[in-house]
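Please look over the sequence and the structure shown below before reading on.

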Amino acid sequence: MIDFQPLWLSLRLSLVTTGILLLIALPLAYWLTYSRYRIKIVVEAIVSLPMVLPPSVLGFYLLLAFSPSHALGKFLDQTLALRLVFTFPGLVIASLFYSLPFMVNPILSGFKSLPPALKEASHTLGKSSFTTLVKILLPNIRPSLLTGVVLSFAHTIGEFGVVLMIGGNIPGQTRVASLAIYDEMQSMNYPMANLYSLILLVLSFSILLSVYLINHHFNKANPLP
Amino acid sequence: MTTPLLKFQATKMLHTSGGTQLLDISFELDPGRLLTIYGASGAGKTTILRILAGLTDIDSGFIAVEGEVWVNTAAKVNWPARKRSVGLVFQDFALFPHLTVRENLEYAIPKGQDGKIVTELIEWMELTALRDKRPAALSGGQQQRVALARAIARKPRILLLDEPLSALDDEMRWKLQDYIIRAHRDYELTTILVSHHLPEIFRLSDEVICLDKGQIVRQGQPSDIFLEEKISSKFKVTGEIIEIVKSDIVFIVSVLCANTVVKVIATADEIAGLRMGQKVMVASKAFNPVILRIE
């Protein structure tokens with residue numbers, strides 16, 4: 001009988017991560033697009049770092065940082081009573097780092113693809129930067145927002161190295177679907193590994209297909225000037 | 001004596017494809033006037049509009065509109081674009097692609113201001129049939145009308161037009177100039193137009209500023225600036241040659257001036273160098289005008 005807990009945990013992790021990432025990535029991508037500070041190039045490189053870094057490197061440093069024997073982990077543990085190593089909140093924080101570029105980069109290219117005159121026109125019509133963002137910029141980068149959300153979601157579902165390092169493999173707490181597949185493989189339970197893999201494969205493919213379909217229709221209906 | 005609506009004095013180092021160049025401009029504009037900024041591309045025409053609208057910062061200078069200081073670099077005053085009461089029509093119109101024609105206009109209405117003007121402008125600009133369409137479904141001329149209507153909707157103190165007709169063919173240009181003339185007159189606007197299309201300048205402008213390499217080189221009425229030979233007449237119109245026909249020993253040149261065709265007799269020597277579609281000025285020296293009521 002299939003144990004749905006790892007799948008459910010993966011979904012929960014992805015949903016929480018994607019929601020928080022959207023809130024972080026929107027102001028970050030906006031700042032990276034429109035700020036004149038040169039330091040933004042450094043920030044852009046840091047944001048994209050998880051795309052090229054082996055997940056184990058990220059996991060290793062996060063493990064060190066969260067460990068109660070180091071300053072940050074000690075502070076979190078003793079002052080806030082927050083233990084991040086081998087817990088679900090720890091997984092969420094690690095996933096935020098790991099999937100950050102998958103949310104920021106599509107939104108960033110969305111903002112960059114907009115003609116500057118749209119933002120300027122809104123300002124000359126007396127609108128604030130916030131109103132311009134909400135009413136003009138965001139509606140015109142809906143495909144990029146959707147791409148960011150879906151890529152972050154799918155990427156978080158598929159993460160392995162980081163969750164293994166930070167979360168361990170505790171059933172019901174940190175044992176997500178990708179770890180469950182690895183476990184079943186190790187125990188030579190191939191049919192179960194196959195079932196988990198197939199579910200992840202179908203899920204990922206359906207998500208990507210729907211995004212491409214939706215974006216195709218949106219771009220056709222709302223071409224940029 | 002009229003108090004100027006706009007006092008503008010600005011210097012800015014421009015970095016263009018041809019190298020750096022200093023923009024050093026100073027002018028005043030009386031209320032209700034239509035000023036055209038004319039000059040070669042790269043002379044800094046659009047930059048002046050952008051500076052006025054608050055989209056480009058200056059190195060030093062002063063901008064005041066109706067006594068309200070928008071920019072004073074000495075006192076570190078620099079109002080953001082959203083606080084300045086201008087209506088800017090961009091060269092490529094910059095309509096919001098996700099909003100319908102009506103929504104584009106409604107977006108321009110400040111909070112608390114009556115939105116009645118939206119309906120009025122839609123009817124006035126003959127956009128009623130298009131009001132629920134998005135910009136992508138409109139032709140260039142239609143988009144230009146929407147952009148003009150949107151710029152006027154918030155009742156700006158100054159209307160800025162950045163080569164708004166450059167993307168259109170001549171026939172459409174002519175028609176849309178009518179809209180600009182009517183908008184300028186009916187809404188009592190003070191307007192600055194960037195253009196390098198002479199018939200348009202003659203038709204629309206009260207005065208012209210000629211820019212060259214960031215400096216004002218000439219300033220005055222269009223005829224003072226562009227006509228090399230001063231004609232001592234009191235009556236001049238500009239138009240476009242629509243027909244040249246031979247009649248016995250002379251030629252009859254038909255010139256379309258606004259909606260009226262003026263026929264001018266010319267000799268073979270005089271028509272040499274004239275061609276169909278050419279922009280010309282028709283001037284009459286000795287004439288005695290009479291005024292007839294038409295309504």
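Which order do the four strands of the open sheet of chain B have?

## The sheet of chain B

The order is β14-β13-β12-β15, and the pairing is antiparallel; strands are DSSP runs of E with at least two residues, helices are runs of H or I with at least four, and both are numbered from the N terminus. This is a predicted model, in which local features need pLDDT of at least 70 and side-chain atom pairs count only at pLDDT 80 or more, while totals for chains, interfaces and linings use all residues. Residues are numbered from 1 along each chain as its sequence is written, and chains are lettered from A and ligands numbered from 1 in the order in which they are written.

Because β14 (260-266) and β15 (279-284) of chain B stand at the edges with a single partner strand each, one side of each has no neighbour in the sheet. Strand β12 (residues 235-247) of chain B pairs with β15(B) in the antiparallel sense over six bridges, where pairing requires that DSSP find at least two bridges between two strands. B:F235 stands opposite B:S284 in β15(B).

## Nonpolar cores

The largest nonpolar core has 72 residues, and those with the most contacts inside it are B:L52, B:L121, B:L148 and B:L160. Such a core is a set of buried Ala, Val, Leu, Ile, Met, Phe, Trp, Tyr and Cys residues joined through C-beta atoms within 7 Å, a residue being buried if 20 or more other C-beta atoms, placed from the backbone, lie within 10 Å of its own. Helix α4 (residues 140-153) of chain B gives the most to this core, with seven residues.

A second, separate core of 41 residues includes A:V85, A:A94, A:V150 and A:F153.

## Two helices of chain A

The axes of helix α2 (residues 40-52) and helix α5 (residues 88-113) of chain A come within 7 Å and cross at roughly 115°; axes are lines fitted to C-alpha atoms, for helices over the stretch in contact, and angles run from 0 to 180 degrees between N-to-C directions. In this pair, A:V47, A:S48, A:P50 and A:M51 of α2(A) meet A:F97, A:Y98, A:L100, A:P101, A:V104 and A:N105 of α5(A).

## Where the chains touch

In all, 18 residues of chain A are in contact with 19 residues of chain B, contact meaning that the C-beta atoms of two residues, placed from the backbone, lie within 7 Å. On the side of chain A that touches chain B, the elements giving two or more residues are α6 (116-124) and α7 (129-140) of chain A, and the largest share, six residues, comes from α6(A).

Conventions: Buried ≥ 20, exposed ≤ 12 C-beta atoms within 10 Å, placed from the backbone.
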